[in-house]
Amino acid sequence: MKTIKTQVGIIGAGPAGLTLAHWLKKHGIEAVIIEHRSREYIQGRVRAGLLEQNTVDILKKLGLADRLVKEGQEHHGVYLNFDGKRVRVPFGQLTGGRNITIYGQQEVVKDLTEAWLAQSGQLLFEAPALELEGIETDSPKIHFEHNGEKGIVECDFIAACDGFHGLGRKSMPKDAYKEYSVTYPFSWLGILAHVAPSSEELIYAYHERGFALHSLRSEKVSRLYIQVENDDHVDNWSDEQIWEELSVRLGTEGWKLNSGPIFERSITPMRSYFIDNMQHGRLFLAGDAAHIVPPTGGKGLNLAVADVKHLVDGFRDFYEKASMQVLDNYSTIALKRIWRAQDFSNFMTTLFHKQYEHGSFHYQLQKAKFDYIQLSEAYATTIAENYVGLPFESFDALD
């Protein structure tokens, strides 16, 4: 049986696990990553593409942002449509220069993986975690399998960055946390298309036929979404139908949607999920292992990186000062931002998705919120500062 000894054993080579490994290494803390999937899979799966200011700053600080800076597209605002009327929320102007950057999650994973392996960092692909042992002791173990051989990671701490279906959360006692879950009555049909974006910034649109979002991945690839029923299927939509629906829902006077070959499509359910305790003994959860938000607010990857920031603070406190104080308070610290992100994601979801009859009481409330964005700079600022990500110190004063 293969035995690997390290200080922090990390399960999962997504943005959370890879960022954590790099950040720990920067402070002289050893880490080993095991990943259930293949390298090709994790670098190829299409996920979020919106990076908050905090996330970009962290990747730059770690020296991992060379390609991000070169190829990422910084956005200084967002367009919001309601029934064909469009307004713009200027991020930098309202937040003191904080913005977002569009750069695909798979590209982040590629950059972090290549950098980790180039530094001779230990990362085992196709190595599923089978069991966590001794998480209530000071010497926990991760049992795994790799190339048909069983192995053990012996470590001081386990960081489970292994997603919603991973072993991390499943290994916590059921009475150690409370679950919160909301399933929205609609899904997103998302496409990637070989076509130049029709807008230099994202467009969120409410329409009586349903929500639509214009996003992008590069100067030649666009990412777009439309609201569909939860039981819908991609086979129900031809390319022509998708482009027609997007054109109608996103349309404003004088604006035209570019169309082109669609090379990927999928339907994503909209849901919120998280638990109110992200640790047990020497086991700590980060990212989707502990929380999921609807993609409307662009918070998924960014929340994962924020979790990592708090974990790094805790591990440094332990290894540099022999103190567990920060780690003991990890959940409390991380949940302040998670609740804020859940609220903002819910706000954006309920504002722009059709859930009620056009002209109904609830529709009028949605329209009143949209109208208020145009009337109040303070309200627009609230949207802007949540969208670009609140600075970490913003939460320090909260109990």
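A residue counts as buried when its relative accessible area is under 20%, as exposed when that area is over 50%, and as partly exposed in between, with a 1.4 Å probe and protein chains only. By this criterion cysteine 155, at 5% relative accessibility, is buried. The model is predicted: local features require pLDDT of at least 70, side-chain atom pairs count only at pLDDT 80 or more, and totals for chains, interfaces and linings use all residues. Residues are numbered from 1 along each chain as its sequence is written, and side-chain values use heavy atoms, with hydrogens and water left out.

**Aromatic pairs**

- The structure contains 26 aromatic pairs, where rings of Phe, Tyr and Trp (its six-membered ring) pair if their centres lie within 6.5 Å; planes under 30 degrees apart are stacked, over 60 edge-to-face, and the rest tilted.
- Phenylalanine 164 and tyrosine 273 make an edge-to-face pair, with 5.1 Å centre to centre and 90 degrees between the planes.
- Because phenylalanine 164 lies in the loop between strand S13 (157-160) and helix H7 (167-170), and tyrosine 273 in strand S18 (residues 262-275), this pair ties together parts that are 109 residues apart in sequence.
- Helices (H or I, at least four residues) and strands (E, at least two) are DSSP runs numbered from the N terminus.
- Tyrosine 273 is buried, at a relative accessible area of 5%.
- Tyrosine 204 and phenylalanine 352 form a tilted pair, at 6.0 Å centre to centre and 40 degrees between the planes.
- This second pair links distant parts of the chain, 148 residues apart: tyrosine 204 belongs to strand S15 (residues 203-206) and phenylalanine 352 to helix H11 (residues 330-352).
- Both partners are buried: tyrosine 204 has a relative accessible area of 1%, and phenylalanine 352 has 0% relative accessibility.
- Tyr204 and Phe352 also belong to a cluster linked by ring pairs, whose other members are Phe91, Trp188, Phe211, Tyr225, Phe344, Phe347, Tyr372, Tyr379 and Tyr387.

**Charges over rings**

- Arginine 86 lies over the face of tryptophan 255, 4.9 Å from the ring centre; the criterion is NZ of Lys or CZ of Arg within 6 Å of the ring centre and within 35 degrees of the ring normal.
- Lysine 309 places its charged end over the ring of phenylalanine 392, at 5.1 Å from the centre.

**Cysteines**

- The structure has 0 disulfides, a disulfide being a pair of cysteine sulfur atoms within 2.5 Å.
- For cysteine 155, the closest cysteine sulfur is that of cysteine 161, 12 Å away and therefore too far for a bond.
- Cysteine 161 is buried, at 10% relative accessibility.
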